[in-house]
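Here are my notes for a first look at this structure. Please keep the sequence and the 3D view open while reading.

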Amino acid sequence: MYAMVAPPDNAPSDDDVLWARSVHYSHSGSPGLIGVSVGVREGEIVALTGPRGSGKTTLLRCLTGQLVPEQGEVWFNSVPVHTMSALARARLRRDRFGWIGPDPLLLPELKVWENAALPLLIAGASHRTAKRGACAWLDRLDISGLARKRPGALTRAESQRVALARALVNEPAVVFADEPTAPLHRAERALLLRTLTTAARSHGITVLLATHDEEIAASADRRVALLDGRPAGTAAAIEVNVDGPSDETPEGQSACSLSA
């Protein structure tokens with residue numbers, strides 16, 4: 001169970017299923033996020049864009065509760081993720097969130113369907129229910145024929161499809177996708193992305209999709225751009241300000257002249 005706490009008075013609209021405000025996080029003293037705020041509506045697909053090292057993965061991990069912000073707040077519905085215990089955050093990820101990254105991270109000792117069914121099995125679903133749910137998603141991803149194989153027999157693209165099935169099998173409220181198509185060829189990228197976005201729209205799943213690929217970002221409803229751990233617009237403004245005013249003297253005016 002998650003304690004329901006009234007959000008602060010300046011909370012976003014009720015349409016926002018997930019939001020963060022003024023999040024700061026550093027990696028061994030090096031800034032990872034600096035004052036990032038974002039709100040995501042229920043059923044919305046949002047692309048987090050920016051070059052590598054811009055803070056996309058760090059933001060996703062703060063939103064899921066894998067990392068706890070040093071400053072700022074993270075809320076999922078009416079639950080303050082940033083104040084939850086480690087155990088409660090783990091349960092939240094298990095029950096309400098799905099995750100897929102660039103590495104499928106399949107368990108080699110489990111069969112494909114068992115890997116896909118893992119969130120259901122951990123949550124206590126029966127063997128029959130978990131297998132039925134996993135195989136349904138494997139079928140949608142055109143790999144149901146691989147259900148009884150071990151991950152070692154799969155190609156990288158097939159493994160990534162299994163990882164997507166695992167992220168979707170418990171029909172989570174939010175799927176966090178961290179560069180999920182990065183290791184794939186163009187055709188496989190298109191299939192994985194199409195399955196993710198179609199599932200999101202048909203099941204009302206919110207998606208946060210971190211990518212530096214313009215073609216992938218174009219599939220989202222909206223973009224949030226990061227640069228050097230800050231919202232891109234803020235980072236650009238800071239960079240301009242750091243440059244300072246020009247020391248050049250206007251044409252025709254002495255550098256030592258004084259205005260009246």
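1. Start with a helix pair. This is a predicted model. Helix H3 (residues 112-122) packs against helix H4 (residues 127-140). Their axes are 8 Å apart, and the angle between them is about 120°. That angle makes H3 oblique to H4. The crossing of H3 past H4 is right-handed.

2. Next, the residues at this contact. From H3 come Val112, Trp113, Ala116, Ala117, Leu120 and Leu121. They meet His127, Thr129, Ala130, Lys131, Ala134, Cys135 and Leu138 of H4. By class, the contact has 10 nonpolar, 2 polar and 1 charged residues.

3. Now the sheet. It is open and has 4 strands, in the order S2-S1-S4-S5. The pairing is antiparallel. Which strands stand at the edges? They are S2 (30-41) and S5 (79-80). Each has a single partner strand, so one side of each has no neighbour in the sheet. As background, strands of a sheet pair through backbone hydrogen bonds, either parallel or antiparallel.

4. Look inside the sheet at one pairing. Strand S1 (residues 16-27) and strand S4 (residues 71-76) are joined over 5 bridges, in the antiparallel sense.

5. Helix H1 (residues 56-64) lies across S1, S2 and S4. H1 runs at about 120° to S1.

Key
Residues numbered from 1 in each chain as written. Predicted model: local features only at pLDDT ≥ 70, side-chain atom pairs only at ≥ 80, totals over all residues. Heavy atoms only, no water. Pairing = 2+ DSSP bridges. Helix = DSSP H or I, 4+ residues; strand = E, 2+ residues; numbered from the N terminus. Contact = heavy atoms within 4.5 Å. Axes fitted to C-alpha atoms, helices over the stretch in contact; angles between N-to-C directions. Parallel < 35°, antiparallel > 145°, perpendicular 65-115°, else oblique. Left-handed = near helix turned anticlockwise from the far one by under 90°. Nonpolar A, V, L, I, M, F, W, Y, C, P; charged D, E, K, R; others polar.
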